[in-house]
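Q: Hi! Could you walk me through this model while I have it open?

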Amino acid sequence: MLLPKDVENLINRLQSAGYEAYAVGGCVRDTLLGKTPCDWDICTSALPWETLQIFKDMRVIETGLKHGTVTVIVRHIPYEITTFRIDGEYLDSRRPENVSFVRDIKEDLSRRDFTVNAMAYNPQKGIVDLFCGQQDLQKGLIRAVGDAEKRFAEDALRIMRALRFAGVYDFEIEKTTAKALNKNAPLLRNIAKERIFAEFKKLLDSCGGEKILLSFPEVIQEILPEFNKNIYPLAVNKTFSVNGLKLRFAVFFSLLYKENAYSAVRTLKCDNETADFVKNLSHSYDIPLSPCLPLLRKSIFEKGWEVVWSIAKIRKNEDITKLLFQIKEENLPCSLKELAITGQDLKALDITGVFAGQVLKKLMYALMDEQVPNNKQALLSLAKTFKQ
Ligand code: ATP
Ligand code: MG
């Protein structure tokens, strides 16, 4: 295993001061999987104030100190250096507020959630793998560290993390772990919606998410408002037949909740952009779309480009997609702001207020029917004929 030079230097410094230090968790897992880790976490036997002392000549952030984390900035990249620790009492299946620092890495690795996340590495000791994480990586298994039931009861977010990791890596969830996770699913009610959403989002965006969603409907029932179980498998299939997270959300919620899609997605505390898109798409999910240029342009005018484009993708209609490309390439106007005249121009004809709005709309329809070119003079002449 190869460490980035900066990570190696941080570990070296801690070791030279007489402490143990390792790269740990996600970065070890991802490196072993041949993927580039997004961040490198370090764990150490040094206590937080000892770490601070060791890196006092460097830029450090102390916000995580209470939990044992000192963040050291090297060339603008933050590295979290966390003291070996065990978690305190778990209340309400949430993460504990207090932690205790320990000097043995074994204890630190035992408190981690899954075997594949519980490995550490440094060049001197090699890979420290007390729970057969490497074997599980090879087998493609997500397995809880220690007693699965206890681990999910301690922190129910781990249930969502298990599903997410299995989805992202296209792994299976080991049998005992799967059973324990289903059993503890009701505890997800104690977990903040935002944190559940963050995991659910990654699951929906993952390559193995379809299989996982189909295998663990009980968990999904816990985190979403009630839905019709009969349509769930179809909704999952259809969701994964499209690409792009926003579109997957919209398909999933439109099929599962019909006209209530927006309020359902809202309960997940998702971002406004996704929620608004779910709302728009769910309202238009069943609209007729035909491969006819004027009709298609009218649909875009009425529903918006994004909705029509998305529906064409959902229906996998190539004729419609081709026409949509043509509309884009030829810049064919499909919205009032592309019309060659504005309400201001109509004032000269004494057309104002609500009537002006109606006239603009009529002009737009005439334009999309190719009865008039997008030219100011032509549009104004036509507008005159609409008066009285
Ligand atoms: P990624 O960052 O790619 O999502 P990660 O494994 O780095 O994956 P983090 O949430 O960054 O995940 O956590 C870092 C490490 O901390 C994990 O690898 C795991 O060892 C441990 N960990 C994180 N959350 C929990 C938890 N809820 N329970 C137990 N251990 C956890
Ligand atoms: Mg991480």
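Predicted model: local features only at pLDDT ≥ 70, side-chain atom pairs only at ≥ 80, totals over all residues.

Q: Good to know. Which domains does the assignment give?

A: The domain assignment gives domain 1 (5–139), domain 2 (145–223), domain 3 (293–329) and domain 4 (336–385).

Q: And how far apart are the C-alpha centres of domain 2 and domain 4?

A: Those two centres, of domain 2 and domain 4, are separated by 55 Å.

Q: Let's go to the ligand. Which domains does the shell around ligand 1 draw on?

A: Domain 1 (5–139) and domain 2 (145–223) each contribute at least three residues to that shell.

Q: Which residues come nearest to ligand 1?

A: There are 13 residues around ligand 1, and R29, N117, D155, R158 and R164 come nearest.

Q: Can you give me some distances for the polar atoms?

A: R158 has a polar side-chain atom 2.7 Å from a nitrogen atom of ligand 1. For R164, a polar side-chain atom is 2.8 Å from an oxygen atom of the ligand. With N117 the backbone takes part: one of its polar backbone atoms is 2.9 Å from an oxygen atom of ligand 1.

Q: And how much of ligand 1 does the protein cover?

A: On its own, ligand 1 has 580 Å² of accessible area, and the protein covers 81% of that.

Q: Switching topic: which residues of helix α16 are buried?

A: In α16 (residues 293–303), the buried ones are L293, L296, R297, K298, S299, I300 and F301.

Q: What follows α16?

A: G304 does, and its phi is positive, near 95 degrees.

Q: Speaking of phi, what about residues that aren't glycine?

A: Most residues other than glycine have a negative phi. H76 is not a glycine, yet its phi is positive, about 70 degrees. K269 is another non-glycine residue with a positive phi, near 55 degrees.

Q: Where does H76 sit, and is it buried or exposed?

A: H76 is in the loop between β4 (69–74) and β5 (77–83). It counts as exposed because its relative accessibility is 74%, and the cut-off for exposed is over 50%.

Q: And K269?

A: That one is in the loop between α14 (261–266) and α15. K269 counts as partly exposed, at 47% relative accessibility.

Q: While we're at α15, where does A275 come in?

A: A275 lies in that helix, α15, which spans residues 272–284. A275 is buried, with a relative accessible area of 0%.

Q: What does A275 touch?

A: Leaving aside residues up to four places away in sequence, A275 touches Y262, V265, R266 and C270.

Q: Last one: how far is A275 from F249, C-alpha to C-alpha?

A: The C-alpha atoms of A275 and F249 are separated by 8.7 Å, and the two residues are 26 residues apart along the chain.

Definitions and conventions:
Residues numbered from 1 in each chain as written. Chains lettered and ligands numbered in written order. Heavy atoms only, no water. Domains from an automatic or database assignment. Buried < 20%, exposed > 50% of the residue type's maximum accessible area, 1.4 Å probe, protein only. Helix = DSSP H or I, 4+ residues; strand = E, 2+ residues; numbered from the N terminus. Near = heavy atom within 4 Å. Polar contact = N/O pair within 3.5 Å; in protein donor to acceptor, adjacent residues only side chain to side chain. Areas by Shrake-Rupley, 256 points an atom, 1.4 Å probe, with all protein chains shown as cover. Contact = heavy atoms within 4.5 Å.
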